Number of protein chains: 4
Amino acid sequence: MLIMMKSHATSEEIDAVCRKIELMGYRAHPIPGSTRTAIGITGNQGPIEAAAIEALPGVGECVPVSKPYKLVGRELKEETTVIDLGDGVRIGGPELAIIAGPCAVESREQTRTIAAAVAAAGARLFRGGAYKPRTSPYSFQGLAKEGLEILAEVRKDFGLKIVTEAIDVESIELVEHYGDVIQIGARNMQNFSLLKRAGKSQKPVLLKRGISATLDELLMAAEYILAEGNYNVILCERGIRTFADHTRNTLDLSVIPAVQRQSHLPIIVDPSHGTGRREKVLPLSRAAIAVGADGLMIEVHHQPEEALSDGNQSIHPLDFEQLMDEIRQIASVLGRTVAPGSARKT
Amino acid sequence: MLIMMKSHATSEEIDAVCRKIELMGYRAHPIPGSTRTAIGITGNQGPIEAAAIEALPGVGECVPVSKPYKLVGRELKEETTVIDLGDGVRIGGPELAIIAGPCAVESREQTRTIAAAVAAAGARLFRGGAYKPRTSPYSFQGLAKEGLEILAEVRKDFGLKIVTEAIDVESIELVEHYGDVIQIGARNMQNFSLLKRAGKSQKPVLLKRGISATLDELLMAAEYILAEGNYNVILCERGIRTFADHTRNTLDLSVIPAVQRQSHLPIIVDPSHGTGRREKVLPLSRAAIAVGADGLMIEVHHQPEEALSDGNQSIHPLDFEQLMDEIRQIASVLGRTVAPGSARKT
Amino acid sequence: MLIMMKSHATSEEIDAVCRKIELMGYRAHPIPGSTRTAIGITGNQGPIEAAAIEALPGVGECVPVSKPYKLVGRELKEETTVIDLGDGVRIGGPELAIIAGPCAVESREQTRTIAAAVAAAGARLFRGGAYKPRTSPYSFQGLAKEGLEILAEVRKDFGLKIVTEAIDVESIELVEHYGDVIQIGARNMQNFSLLKRAGKSQKPVLLKRGISATLDELLMAAEYILAEGNYNVILCERGIRTFADHTRNTLDLSVIPAVQRQSHLPIIVDPSHGTGRREKVLPLSRAAIAVGADGLMIEVHHQPEEALSDGNQSIHPLDFEQLMDEIRQIASVLGRTVAPGSARKT
Amino acid sequence: MLIMMKSHATSEEIDAVCRKIELMGYRAHPIPGSTRTAIGITGNQGPIEAAAIEALPGVGECVPVSKPYKLVGRELKEETTVIDLGDGVRIGGPELAIIAGPCAVESREQTRTIAAAVAAAGARLFRGGAYKPRTSPYSFQGLAKEGLEILAEVRKDFGLKIVTEAIDVESIELVEHYGDVIQIGARNMQNFSLLKRAGKSQKPVLLKRGISATLDELLMAAEYILAEGNYNVILCERGIRTFADHTRNTLDLSVIPAVQRQSHLPIIVDPSHGTGRREKVLPLSRAAIAVGADGLMIEVHHQPEEALSDGNQSIHPLDFEQLMDEIRQIASVLGRTVAPGSARKT
């Protein structure tokens with residue numbers, strides 16, 4: 001059930017409703033909207049008696065939830081959630097969130113080189129894995145804490161916000177200490193223990209769609225995080241597994257408008273994993289922006305052929321610069337913007 | 001094997017090479033390019049002796065074919081094929097090919113109403129099925145010849161080129177008589193008898209990707225048509241079958257750059273079948289143009305809720321007008337154009 | 001709507017009901033069952049007035065159809081259809097239908113060698129393609145009429161019933177002349193013109209499931225054939241297209257009990273195409289019989305490495321003999337039998 | 001690289017080779033086979049110098065590994081691994097491993113009722129989840145430690161070995177304390193932190209194939225466990241995600257012979273999750289045994305319609321008894337056995 005407060009309800013009234021819900025043994029999730037606050041309720045086993053709540057001052061109406069999810073739905077909140085990372089960097093707002101960087105942090109040198117390049121081209125968020133979930137136990141698994149320290153340096157020196165993956169309860173503590181956004185990878189989209197732990201974090205979470213996740217499963221995975229009280233979740237489409245063999249995965253751009261219809265959470269696209277082929281990253285980045293995504297996550301490497309992981313899908317900084325140029329123009333058609341690159345000649 | 005003629009080879013020299021190939025018992029396919037003509041050879045069982053051909057005047061080099069297809073590949077022809085339908089309507093050139101109209105021709109009235117609307121919005125090609133391949137034998141199967149006559153009227157009265165589906169050897173004769181482009185539907189992509197027959201037609205062929213066709217299977221299906229001597233083939237991505245259930249099919253936009261890398265044939269996108277949901281048609285149309293497609297095929301109906309087929313995915317003429325506006329802007333970012341609508345107020 | 005006749009209804013009464021239906025402008029499909037005859041009605045656009053029919057002598061009840069198909073459903077006929085090919089060869093009865101032979105008829109010699117071997121091992125039906133639908137226009141396309149003549153010889157000399165594929169309206173006329181069962185391949189499962197033509201044939205039809213066909217699509221394809229008056233259809237599972245890459249296709253054995261629940265048509269399994277790998281044919285054949293299939297279709301070649309098509313999935317006659325041994329034992333667990341091999345030593 | 005010891009190599013010689021490998025900075029995995037011991041090496045970054053090892057007494061040959069996995073491959077160990085759980089219960093040997101029980105432990109009463117029934121029918125292993133990974137955060141998540149205590153009672157009172165799922169590092173410690181086999185669910189197949197932790201356990205691990213995992217990914221997931229020193233891994237096919245909609249998942253029985261060709265690990269089948277439909281469990285169980293699986297995992301509930309999870313796919317104890325009868329007969333065709341049921345009348 002959702003409680004829709006009246007538009008002029010005071011914060012005291014909202015608090016009182018929340019306290020009442022908690023007294024009933026449930027958990028209250030007040031979500032402010034542009035015109036009014038909605039309150040989601042979780043923790044109930046069956047239907048909730050609306051009468052006791054409807055009688056409280058400031059309550060507009062009690063709405064039954066028609067979907068399996070309660071907190072991620074547009075029913076609860078009409079406006080798209082905008083996640084503010086500070087320093088003017090927001091995800092879900094008019095300015096597109098461009099996250100760029102190497103697949104993995106390999107060394108200080110490599111990381112700084114790429115950071116300088118992507119910052120110059122206009123990226124405001126930096127990606128780079130310190131913990132790498134790899135199909136083989138014998139593949140490079142990331143620099144762990146050492147990698148996170150390099151990322152923290154990059155934030156300080158280049159002013160980039162850090163998005164990096166946590167793979168278990170242990171790594172998430174370090175990631176929330178060093179990073180700005182906790183990434184949960186596709187393979188962990190239904191690692192419910194990790195989702196619950198991320199839901200207890202103060203840091204926003206970037207949740208990647210599992211390789212064979214339906215829309216409902218993606219939204220329910222996000223619901224796990226919100227249900228624990230962390231409402232700052234960004235979804236990410238990164239390709240699904242199909243029979244098609246001309247790309248590593250099949251990028252499902254139709255999920256962008258589908259998510260936007262069902263949920264208030266922002267959603268970005270990762271065309272690097274989504275295609276697995278360097279030469280497809282630019283055209284699919286244009287398409288992702290054209291379809292209405294809130295941003296991109298792009299793998300960039302200055303020596304893709306020597307990358308320790310995912311070299312085939314990493315683009316060179318020069319190509320990234322061109323990518324930024326192209327999406328800047330597409331974005332303007334949709335009334336959105338891309339941050340200017342400091343080093344850009346135009 | 002491909003024969004690359006020298007750039008200054010005369011047409012007599014080209015003819016002589018073709019005659020030599022035919023004398024050897026094979027079939028010659030001379031394909032003019034912007035700088036030189038290439039000649040594909042089919043009908044051989046094994047490798048061809050190059051020596052006898054290389055010795056002929058005007059021959060540049062004999063190149064072995066590295067792909068399973070010979071005639072559809074970029075190896076044979078570097079430039080994208082532009083198909084000229086007359087009256088300035090071309091597919092594969094700078095102006096995007098926008099094909100719009102109802103799923104099925106239901107009546108003269110319905111067809112003319114929609115034709116007027118899409119022409120006014122800038123479409124230069126009209127779609128509408130007279131033969132409908134339907135999953136159920138009890139569903140509306142199309143008006144057949146009567147439908148084709150209505151389409152011929154539309155061409156005359158609205159100046160639209162007609163794209164309509166042939167479903168067997170019988171219908172293809174009528175379609176090539178009444179229409180401008182013969183459509184081969186997704187279910188018939190590997191109906192090899194129909195492909196061979198289409199290869200003998202003088203009319204261009206629009207070949208839709210099968211619902212579970214790989215890139216190679218799509219190109220090989222086109223190769224069947226070219227091998228019979230019809231080099232005017234347009235490919236069309238219309239969604240593939242996956243586990244995802246938020247759309248009827250999963251539109252695979254990555255196949256556009258993949259086709260463009262492998263083949264010289266133009267390729268368009270059908271977001272109506274590709275998503276099966278009206279509200280997804282606009283965003284995916286923008287994405288299709290942004291990814292670099294050569295055009296769109298859009299189902300438009302003035303009364304979608306009363307359509308005899310595919311009502312769920314048909315958009316209203318007003319939405320089509322907006323779609324044209326939006327893709328016009330995206331197209332200009334990519335250096336391409338969309339024909340202006342006659343009735344447009346701007 | 002289905003008309004369930006009373007169990008003691010006379011053939012005159014059944015005829016009278018059929019005449020009444022035809023007079024109403026529809027088509028009547030009388031289907032005899034073990035206890036009573038049911039009559040399916042097709043050709044109606046909307047609901048049918050039951051009253052006029054219910055009043056006729058011998059009519060038990062009029063039952064509305066709850067499925068999109070009318071004639072293939074168990075609602076119409078409770079018992080599994082048994083198709084009698086003469087000489088004691090039946091499909092759908094207690095004796096399993098084992099269809100074996102080469103992918104393609106390559107020569108008289110090759111065909112007769114394999115026919116002798118599979119007959120000796122107990123097969124009573126012979127497969128072999130005279131028309132081969134091939135992905136590439138440059139691959140071996142079959143011996144056509146010459147191949148059919150070889151097959152006719154095999155029938156005469158080895159007493160095997162002939163199952164062979166028709167690929168278009170032209171070939172189906174020859175196939176129904178020379179063969180005993182008309183095979184419609186997976187790529188043609190939704191070639192509705194071909195289905196309609198097969199529905200007008202006097203010969204039984206073996207309909208293979210399309211590579212990405214749902215259960216409903218398969219049943220609706222069969223419905224096309226029955227709607228034209230040919231009630232002798234055998235379905236065939238031959239693997240679906242998935243992401244899995246350890247086999248060429250993924251054999252979906254769960255479709256066997258699913259079909260048996262919905263439809264009265266017999267269903268067999270083709271583990272050769274279903275797996276595409278020789279070494280998987282035996283174990284999956286055992287599984288197919290154990291799951292309850294009505295038979296198998298197996299590719300056998302005495303020189304698999306030299307086969308003109310599908311060599312990778314063809315098994316050697318010695319392996320086929322072992323296969324027959326193994327399924328004979330599995331069959332007996334399910335209360336079914338396999339014909340004894342004439343040349344078997346046991 | 002694999003070290004194949006001579007057949008008469010002494011345990012001192014084997015120890016010496018392992019010590020040498022550890023001295024080189026790698027990890028040695030001695031795997032005894034029926035005729036000789038093989039030693040796998042992990043922890044190396046590149047190729048290993050074979051010369052120093054080949055010179056040691058008792059070494060037969062050094063074999064380069066041709067697959068991405070080293071320890072799960074048949075190259076390392078020719079015989080199928082047999083996992084001994086004590087009391088005569090083995091997985092991978094001639095007697096099939098039948099694991100049966102409810103989806104979730106719901107109460108002592110429910111659990112004991114089902115345990116009594118499945119033990120009577122011949123099951124020697126009991127399944128029942130105390131930790132339930134659920135798509136929705138609002139669904140029943142299991143009784144946790146209380147559930148494990150109920151399972152421990154069942155082992156004591158019914159003599160059944162306990163197979164139960166661990167979902168994170170926390171639960172695995174309890175599961176290895178209370179259970180006999182640690183189950184890793186499909187959603188966690190690539191939860192590499194969990195796999196590594198399971199690799200450090202003394203208890204065998206049942207690893208379920210992910211819903212969209214390829215054969216190689218499944219084997220690499222198992223490799224994570226073996227690389228940590230736990231060689232007792234049982235694989236489990238439980239259905240993959242495809243477009244097909246007549247079952248919840250598509251059971252891929254061809255993966256059984258595929259695994260058996262590549263790996264020495266035993267593999268069982270879960271037709272309950274594999275189909276998601278009660279009425280498909282029996283036929284697919286027969287098929288799984290016929291294809292050659294080493295056992296089954298079956299959901300049984302005495303009140304399926306009231307089950308807190310997966311009621312649709314749980315079968316009644318009476319059906320389970322019939323299932324055991326049927327597979328007992330199929331098993332005997334393959335030279336395998338099923339334990340007799342104590343309470344069986346036959």
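Domain 1 and domain 2 of chain A bury about 380 Å² between them, 49% of it on carbon and sulfur atoms. Buried area here is the accessible area, with a 1.4 Å probe, that two parts lose on being put together, summed over both. This is a predicted model, in which local features need pLDDT of at least 70 and side-chain atom pairs count only at pLDDT 80 or more, while totals for chains, interfaces and linings use all residues. Residues are numbered from 1 along each chain as its sequence is written, chains are lettered from A and ligands numbered from 1 in the order in which they are written, and side-chain values use heavy atoms, with hydrogens and water left out.

Back to the two domains. Domain 1 of chain A covers 2–63 and domain 2 covers 83–333; the bounds come from an automatic or database domain assignment. Their C-alpha centres lie 35 Å apart. Contact, meaning heavy atoms within 4.5 Å, involves 6 residues of domain 1 of chain A and 5 residues of domain 2 of chain A.

Which residues supply the area on the domain 1 side? Arg27(A), His29(A) and Ile31(A) supply 78% of what domain 1 of chain A buries against domain 2 of chain A, more than any other three residues. For salt bridges, where a side-chain nitrogen of Lys or Arg is within 4 Å of a carboxyl oxygen of Asp or Glu, the count between these domains is 0. For polar contacts, with both residues at pLDDT 80 or more, the count is 2 residue pairs. A polar contact is a pair of N or O atoms within 3.5 Å; within protein, one must be able to donate a hydrogen and the other to accept it, and residues adjacent in sequence count only if both atoms are side-chain atoms. Strand E2 of chain A, residues 27–32, gives the most to the domain 1 side, with 5 residues. Helices (H or I, at least four residues) and strands (E, at least two) are DSSP runs, numbered from the N terminus.

Next, chains A and B. Here 37 residues of chain B are in contact with 37 residues of chain A. The two chains bury about 2,800 Å² between them, 71% of it on carbon and sulfur atoms. In chain B, Phe243(B), His246(B) and Val333(B) lose the most area to chain A, together 22% of what that side buries.

How many salt bridges cross this interface? The rule finds 2. Glu279(A) and Arg261(B) meet through their side chains in a salt bridge, at 3.7 Å, N to O. Across the same interface of chain B and chain A there are 8 residue pairs in polar contact, both at pLDDT 80 or more. On the chain B side, the elements giving two or more residues are helix H8 (255–262), helix H10 (278–291) and helix H11 (317–333). H10(B) gives the most, with 8 residues.

Now aromatic pairs. Rings of Phe, Tyr and Trp (its six-membered ring) pair if their centres lie within 6.5 Å; planes under 30 degrees apart count as stacked, over 60 as edge-to-face and the rest as tilted. Phe192(B) and Tyr224(B) form a stacked pair, 4.5 Å centre to centre with 20° between the planes. Phe192(B) lies in helix H6 (residues 192–199) of chain B and Tyr224(B) in helix H7 (residues 215–227) of chain B, so the pair ties together parts that are 32 residues apart in sequence.
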